[in-house]
Every structure is written in C-alpha cells, then in structure tokens.
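User: I am new to this structure and would like to go through it step by step. Could you take my questions in turn?

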Amino acid sequence: MAVRRPAQEPASRSADERLLVQAAQSDPAKFEALYELHFERVYYFLARRVQDRATAEDLTSEVFHKALANLATYEWRGAPFSAWLFRIAANALADQYKRVSREQLSSDNAQDLDEHPDLSSPDWEVIDYHARLFRLVDHLPAVQRQVIRERFVEQRSIREIADRLKKTEGAIKQLQFRALQTLRAQMEGGHA
Amino acid sequence: MPKGSPGVELDRAVDAMLVALQPEPETNLSPALAQLMPIARALRDLPRPDFKAALKSDLQRRTTMNEGTAPAPESSRTAHFRRPNFPNIAPYFLVKGAPQFVDFLVAAFEGTERIRVPRPDGSIMHAEVAIGNSVIELGDANEQYPSRPMTTHLYVPDADATYARALEVGATPVHAPTDEHPSGDRWGEAKDPFGNTWYIATRKGWVAGPEGVLTVQPYLHLRNAHDMIPFAEAALGAHATGVHKSPDGIVRHATIEIAGATFEIDEAQGKAQPTQSYLHVYVPDTDAVYAQAVSAGATGVNPPQNAPYGDRAAAIQDPFGNTWFLATYLGPSQT
C-alpha cells in the first residue's frame, strides 16, 4: 500500500463536519451522524496502536462517550472537529500506555512509553484508507461479507467457516478470494 | 510459481499472515495475488459489526435519555441489546383463550410462566412462558393483532416424552416421533387445541442447557422461500446458514440468524402452507433495523419508540405478511 502523509485534513470534510457538529450541539440525538462518520477512523486509529481487539473496543467506546459528554464545550475556532476527536483518542491511548507502563514497571520489563509522537499527528491518509475499506466490507455480497468477517474479525479457520456456512473449504477460499478482489477493485476505483 | 487455484494460494498467504504477528513478504505469490495482500493485512483491524451497533445503541440511549453528560460506562461491552433470559427469536402467539394457552404450554412442554399482565376481564394482555432455554410470548388476540396459527420447532431432550405429554393435554397427533425425518433428528409433529403446529424434535448429539441449541425456533413455511434470505439479510442484518436447496432452487430448509438468534424457513408445500407469524427479535439497534427493513421492502407498522417496559421497540411487516416486533433492551434502569 503506497501511502503519503498529508499534514492537514481535507478542507471539504471540515466544512461538512461543521454542519454536523452544529446540528449535534443543538440536538444530541444527531450525534449519531458524527459517530457514523468517524467510527471506523477512530477505531482503526486505536486498534493499530493497542495489543488486542478488546482494548481497542474499550478505548473507542471511551472516546465517543467523552465526545458526546463534552460536545457542548467544543468550539469551532479553526480546529476541525476531527482534530478534537482524535485528541480525545490520543489522550485515551496515552492513558492506556501509562497503565501498561505501570504494569510493566512492576514486572521488571519497564519500557519508556512516554513518547508517542504519532499520537499528536494522525496519519489521515492511512486512517481514511482503512475506514473506507471497512465500510466497503458492508457492501459485499452477504456470503462474501460473512466469510471476511469470520476470517479476519473472528479469525476462524477455513475449515471452521466451511462448517458454519455448510460449504466446502474450496468454496470458502474462493469466496475469500473474490471478496478481496472486489475490495481491491473498489479501493482502486475510489468508491466510498 | 505457486501451485493450485488462486483461492487456495491466496489463503495460504492469508493464513500465514493471520498466524504471524509480523508477516514476511509473500515472495511466492504471483503478482496478481500479491496485490490483494495489502487488503488482507488491512482487514485484520476490521471492527466487529456487533460492537459498532452496540456502541451506537448505547450512545443513542444516552442522548434519548438526556444522559449525554453522565459518566461514560467502563466498557461498551456492558451495552447489552438483548433482554436477559431472552436468547431466542420468540414466537408471539395471539390466541383466543390465552390463559388456557398458558396452561397448555406449562403442561405440554414443561413451561414456566414468568410474566402475566392480565386485563380486568381476566384475559391476558401479555405473558411469557419459558420453555427449556428459550421463551414464548403470548396474549389474547385483538382487533389490531388477530389470532394467527403459527408453526414452532421445539428442540427438547426427549421428543417422545414431550409429544406424549402434549397429546395428554389436548394436542392432536400428526406424526409420532420417528428417526426417519430428513434432518436426522428424532422428530414428531402435533397440533395444539389453538391451531398451532409444533415440530417436536430431539437432535442427535443433544446438548442440554443454554450452550446447546435454542429450544424454541419459529418455523416459517413460505411461498418463494428463497426470497426471504436476501430480504432478511438486507432488512434485519441476518445471515443464512445451512441452506438446503433442491436442484431447481427450491429452499428445502434454511436456518436464518439474526443477532445470534435463529428461525427456520422452507418452501410451503402440502399441508405446510404459509402462515403469517408474529415474531419478537432483539437487535442491537432498533432504529437502524427499522429503517433498513423499510428500505428493503418491509412495511412499517409501528415506528421506533421507547416502550414503557424498557425496550426501544418497533414493528414491521415483511413481504410475506409476517409481523416482526423489533426491540433493543434499554437496560435494567428502564424496567
């Protein structure tokens, strides 16, 4: 995957976001739109930086709950909502690192976990690439989607998936192959 | 050069990648397959759809209940969408003579009455009867929801004993349990005094308890049953497992899972003609499922609202005429 590292978020997204934030500040029930816009991005940002899925889920939950609880305090002064949200995520991650650090110190395996420069400057292009890919999985044909989730999320073996879906192992491998082909074609084609 | 079909070769690399924490470059893959590996690597971080739905539901509840500034819960994994002790898709029986129907369920299927909401005239507005590890709901039929005979698959430890008990308390025999059923189960059929059909089965390798098969599974005989599968997937976030079709594409049997619970379908034939069932299913996000169901061809019956018994509840009718009561449990504080 060839990925460049832009310094700033796209301006068009900031403009859209501003409207969504204003709507959610007026009516918290509209926070859902911000959640849908950012869930995959926040989740990926965190999942890449922790050791396991359960921690990623806990931190993602913490980030969105904090964002919802503090939405009224957010003010649009040039810094986009994304930056604010990812600051919450970075803080949650830093706290998590400190917890891990304390545990490691107590077990004579101490490492210096104070410096995490990538937390302050998220790589938006990498994040968006993954968020877009994750959303495309939702649009795969149902059986391909099921195979992808069983294989990559649940990390089940081909044999297990074949048993669960009452198909042959060869058929599951072929479905996985087709799904990855479809996803690659759509990512190359730039479909959202 | 790699040997075998592209699917096999690709999976070998995927398998190595999933096992290894720091995968080596896939040097043996053809260029065409190697191009797919960045996608495969990226998918290792694919979020669980259930988690996304549960967190969304939790956030919505906080906004709906005006709890936006309350402390965040320790973990989203505490966000349960399913009412406790409600593991299955519950058939919701609307009958004439609900009190007598409760008696029948208790006597025939060793049910346990756990909720009864009576009306002043002694009829039942709502009741729940636990059977095995599952639950059945019922009430007296009314103008809005008239009585409809339904079909239910019961998986019990001893089909013969259950079948005999059902006949003793008024059921009509259709087939005594035999081992000849195509499923391989010990399988019988009876009709209750209220017109409902019960398939009474004992699975081979029976496992008792909640970790085993769900005791109660609604069974829908459908005309053009194959159309139910894409509808349920699109409308209810379902996925079909164990689809058995005839060579000409007729669905002989399929099990369809929605949010961890299941119902069964097949193509209507012979005496097993289509009925229009009432079904109660817990989903992670009632509002989202209601919206996607309507866009997938369902008819909205009741839009989502917070029910006084602590569920976010809605109702739709599917294109086959079945009524689905959708629900997301709002937690013990709302009950």
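**Confidence and architecture**

User: For residues 106-115 of chain A, how many contacts beyond four places in sequence does the model have?

Analyst: Where pLDDT is low, the predicted coordinates should not be read in detail. In chain A, pLDDT stays under 50 over residues 1-8, for which the model has 14 contacts beyond four places in sequence. It also stays under 50 over residues 106-115 of chain A, and there the number of such contacts is 9.

User: Which residue caps the N-terminal end of α3(A)?

Analyst: Helix α3 of chain A covers residues 53-69, and its 17 residues reach 24 Å from the first C-alpha to the last, close to the 24 Å expected. Several of its residues are buried, including Leu59(A), Val63(A) and Phe64(A). At the N-terminal end, a side-chain oxygen lies 3.1 Å from the backbone nitrogen of Ala54(A), and the capping residue that carries this oxygen is Asp52(A).

User: Which strands are the edge strands of the 8-stranded open sheet in chain B?

Analyst: The sheet has mixed pairing and runs in the order β6-β7-β8-β5-β9-β12-β11-β10 (chain B). An edge strand pairs on one side only, and the strands that do so are β6 (172-178) and β10 (239-245) of chain B.

User: Which residue in β8(B) does Trp187(B) stand opposite?

Analyst: Strand β7 (residues 186-191) of chain B pairs with strand β8 (residues 197-202) of chain B in the antiparallel sense, over 6 bridges. Within this pair, the residue in β8(B) that stands opposite Trp187(B) is Ala201(B).

User: At about what angle to β11(B) does helix α7 of chain B run?

Analyst: Helix α7 (residues 228-236) of chain B lies across β9, β10, β11 and β12 of chain B. Its direction relative to β11(B) is given by an angle of about 5°.

User: Is Gln276(B) buried, partly exposed or exposed?

Analyst: Gln276(B) lies in the loop between β12 and β13 of chain B, where it touches Arg148(B), Phe320(B), Gly321(B) and Asn322(B), not counting residues up to four places away in sequence. Asn322(B) is 46 residues away in sequence, yet the two C-alpha atoms are 4.6 Å apart. Because buried means under 20% and exposed over 50%, the relative accessibility of 41% makes Gln276(B) partly exposed.

How values were computed
Residues are numbered from 1 along each chain as its sequence is written. Chains are lettered from A and ligands numbered from 1 in the order in which they are written. This is a predicted model: local features need pLDDT of at least 70, side-chain atom pairs count only at pLDDT 80 or more; totals for chains, interfaces and linings use all residues. Side-chain values use heavy atoms; hydrogens and water are left out. Helices (H or I, at least four residues) and strands (E, at least two) are DSSP runs, numbered from the N terminus. The expected span of a helix is 1.5 Å times one less than its number of residues. Buried means under 20% relative accessible area, exposed over 50%, partly exposed in between (1.4 Å probe, protein chains only). A polar contact is a pair of N or O atoms within 3.5 Å; within protein, one must be able to donate a hydrogen and the other to accept it, and residues adjacent in sequence count only if both atoms are side-chain atoms. Two strands pair if DSSP finds at least two bridges between them. Contact means heavy atoms within 4.5 Å. Axes are lines fitted to C-alpha atoms, for helices over the stretch in contact, and angles run from 0 to 180 degrees between N-to-C directions. pLDDT is the predictor's confidence in each residue, from 0 to 100.
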